[in-house]
Amino acid sequence: PPGTLAPLAPLFDREGVTDIVIVGYGPGEAVTPAVDEARRLAAKAGVHVGEALRAHEGRYWSYVCDLATCCPAQGTPYDPSTSQIAAEATVHGLVALPDREALERTIAPMTGPVRMAMRHATADAVAEFRERIMATTDLDAFAKQFVAEGLVRVRSALATHSEGGRLDDAEAARLGLDLAITRVRDEGWTTMQECHALLWKDLTRRLEPRFTPPAASLLAMAAWRAGNSVQATIAAERALAIDPDYSMANLLMHALQNLLSPSVMRGRLPTPAELDATMGPAHAAWLLPLINLLDEEDLQSPPG
């Protein structure tokens, strides 16, 4: 829609951009207005447009060149699967997906036997939590113990994935409950590394929907830090589809829509010790987000 590209103007200034290449994908009626807007913004900012292209159905057209010898009216055919870039990417283990929907499927909820197994594991984790909280006589003390256990499980899960392992269903389900507690989720946030995306992607796919927003938001953060803004957007959208008010996902979506560089976060994340100093000791109120989730039905659950 008109105005969507407005964040380009502050981006040009913030990043010191001097030259750009514009590529739009799709039919002319969809691409041309967007390319025109991008070119206007670039001209206003004094940014040189080296090339502006439209690609569609295996051909590309230039908005800058009108010479029939190199840019014919019928477009120039191309095959991305045979380019040098595609070959080098394959050597490095990278695969170009055909479209956004294919990328969305890479973090879609698991179905079938995997979903049923996680559903049972989640029910067991919820039953264990309820049994423990009903038996306690000191909710504040219980909260401190539960949060401490959750922090240990986050660190252990990150170590397991870093070593090439994977959480079993019971471990994943328990961690899903832990991440509902803000301090536990923030342990993953404040210690974030790009390699942590594997854990958060796995949990985003396996957790029951009502427990997914924290993991999906952490996946979005890891993808954004790695420069994969498309996956970051898809992960944030996944979290917000389940909980439109989830603050971490909303903040990340704001950063993505305004084309902010992840460098704004580097060096500014608090340490776990700083989080503890700011938030203070755990107490019963910290458990409320989790307690509020326990009786929700997974209306978004895929069929088993």
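This report describes the aromatic ring pairs of a predicted model, together with one charged side chain placed over a ring.

A pair of aromatic rings is described by the distance of the centres and the angle of the planes. A search of the whole structure finds four such pairs. Two of them are set out in the table.

| Pair | Centre to centre | Angle between planes | Class |
|---|---|---|---|
| Tyrosine 60 and tyrosine 78 | 6.1 Å | 50° | tilted |
| Phenylalanine 129 and phenylalanine 142 | 5.8 Å | 55° | tilted |

Tyrosine 60 belongs to strand β3 (residues 59-62), while tyrosine 78 sits in the loop between β4 (76-77) and α3 (84-91), so the contact ties together parts that are 18 residues apart in sequence. Tyrosine 60 has a relative accessible area of 30% and is partly exposed. Tyrosine 78 is also partly exposed, with a relative accessibility of 33%.

The phenylalanine pair links two helices: phenylalanine 129 is in α5 (residues 112-135) and phenylalanine 142 is in α6 (residues 139-162). These two residues are 13 apart, and the pair links distant parts of the chain. Are phenylalanine 129 and phenylalanine 142 buried or exposed? Both are buried. Ring pairs also bring in Phe146, giving a cluster of Phe129, Phe142 and Phe146.

A further contact involves a charged residue. Arginine 54 lies over the face of tryptophan 61, at 4.2 Å from the ring centre.

Technical notes:
Residues are numbered from 1 along each chain as its sequence is written. This is a predicted model: local features need pLDDT of at least 70, side-chain atom pairs count only at pLDDT 80 or more; totals for chains, interfaces and linings use all residues. Side-chain values use heavy atoms; hydrogens and water are left out. Rings of Phe, Tyr and Trp (its six-membered ring) pair if their centres lie within 6.5 Å; planes under 30 degrees apart count as stacked, over 60 as edge-to-face and the rest as tilted. Helices (H or I, at least four residues) and strands (E, at least two) are DSSP runs, numbered from the N terminus. Buried means under 20% relative accessible area, exposed over 50%, partly exposed in between (1.4 Å probe, protein chains only). A charge sits over a ring if NZ of Lys or CZ of Arg is within 6 Å of the ring centre and within 35 degrees of the ring normal.
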